[in-house]
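Trainee: I'd like to learn how to read side-chain contacts in a model like this one. Could we go through it together?

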Amino acid sequence: MRVDHAKRQQDRLQSIREYCKNSKNNSDIFHTFPLQRNLFNFVVSEKYKFIICYVPKTGASQWKRALINILANRTVQSDPDTISLFDYDIFTFLNKYAPRKRQAMLKTYATFFFVREPFERLLSAFRDKFETYTTSLYSKLGREIVGKLRKSSESKNTNNLPSFDEFTEYLSNLTDNPQWDIHWRPIHQVCYPCAIDYDYVGRFETVKEDADYILQQLKLDKMAEFPSFSGSKTSKRLTKYYSQIPRKRIEKLIEIYRPDFDMFNYDFPDEIMALLNDRS
């Protein structure tokens, strides 16, 4: 069936605007743009007049590969997979500009970001940082989590990384969501959609077709191609991982990520609802 992409974008953006309009009294929602924050995930193309807000675990690495020759400040000969999304020597970020210039660019440049179902995104981030691959930064964080939460003193002295149970317990006890690691920070506190009137919002679940449409609208479709994407298997792992944690913690995670569910019009996954019903 043919997709009306313009209507899809209109509906998504309207959902965000309605949520923002009805959440004026919610202090957790940024209704004005936080100019003093480190905007290291807002990448700018002055030449083509667009800004992408990168959200990890929503297809950001694929966007890097698609746009590297458009966004890079110099010729890039390295494999794009070896280049960080946040390389200041290669890309231009919004925090390079003075606050007044930032606001002017956000109003006049085309802007877009991508979202993902929150429970799936959280699990994908956990597996990426603590199971399938890790860096010294996340290895250190993992040891800190284990040291705080694991009961066995013997286990604390190993290099073990946290289980999903330990990771979500650590997460549920954190305060100040806007300061969280960007990989599991709620998306509304990553891209500030109640403070920025975005032109496009894509979904990870339809990432390829949304990306192709956005590139076409930006008149970049002859210069860049979003990579083919076979999809993620993370959704099939929800029951396995979330069944490891207590019901109250699932409810806490729902509370933390509820603005993302509501703003981006996501339903709670069937697997999560089944776990809640089984424990009621």
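Mentor: Gladly! Let's start with a charge over a ring: NZ of Lys or CZ of Arg has to be within 6 Å of the ring centre and within 35 degrees of the ring normal. Keep in mind that this is a predicted model.

Trainee: Which residue lies over the face of Phe 204?

Mentor: That is Arg 116, at 3.8 Å from the ring centre of Phe 204. Another such contact has Arg 203 over the face of Tyr 266, where the distance to the ring centre is 4.0 Å.

Trainee: Now the cysteines. How many disulfides does the structure hold?

Mentor: Two. Counting bonded cysteines along the chain, their pattern is 1-4, 2-3. Take Cys 20 and Cys 194, whose sulfur atoms are 1.9 Å apart; the cut-off for calling a disulfide is 2.5 Å. Cys 20 sits in helix H1, while Cys 194 is in the loop between helix H7 and strand E4, so this link spans parts of the chain 174 residues apart.

Trainee: And why is that disulfide called left-handed?

Mentor: Look at the torsion about the S-S bond: it is about -85 degrees for Cys 20 and Cys 194, so the disulfide is left-handed.

Trainee: What does the other disulfide join?

Mentor: Cys 53 and Cys 191, with 2.0 Å from S to S. Cys 53 belongs to strand E2 and Cys 191 to the loop between H7 and E4, 138 residues apart. The S-S torsion of Cys 53 and Cys 191 is about -95 degrees, so this disulfide is left-handed.

Trainee: Are these cysteines buried or exposed?

Mentor: Buried means under 20% relative accessible area. Cys 53 has 2%, so it is buried, and Cys 191 is buried at 0%. Cys 20 counts as buried at 7%, and Cys 194 at 14%.

Trainee: Let's finish with aromatic rings. How many aromatic pairs are there?

Mentor: There are 27 aromatic pairs. In one of them, the ring centres of Phe 164 and Tyr 242 are 4.9 Å apart and the planes are at 85 degrees, so the pair is edge-to-face. Phe 164 is in helix H7 and Tyr 242 in helix H9, so the contact ties together parts 78 residues apart in sequence. Phe 164 is buried at 1% relative accessibility, as is Tyr 242 at 0%.

Trainee: Which aromatic residues form a cluster?

Mentor: One aromatic cluster includes Phe 164, Tyr 242, Phe 167 and Trp 184. Phe 167 and Trp 184 are both buried.

Terms used: Residues numbered from 1 in each chain as written. Predicted model: local features only at pLDDT ≥ 70, side-chain atom pairs only at ≥ 80, totals over all residues. Heavy atoms only, no water. Helix = DSSP H or I, 4+ residues; strand = E, 2+ residues; numbered from the N terminus. Buried < 20%, exposed > 50% of the residue type's maximum accessible area, 1.4 Å probe, protein only. Phe/Tyr/Trp six-rings, centres within 6.5 Å; stacked < 30°, edge-to-face > 60°.
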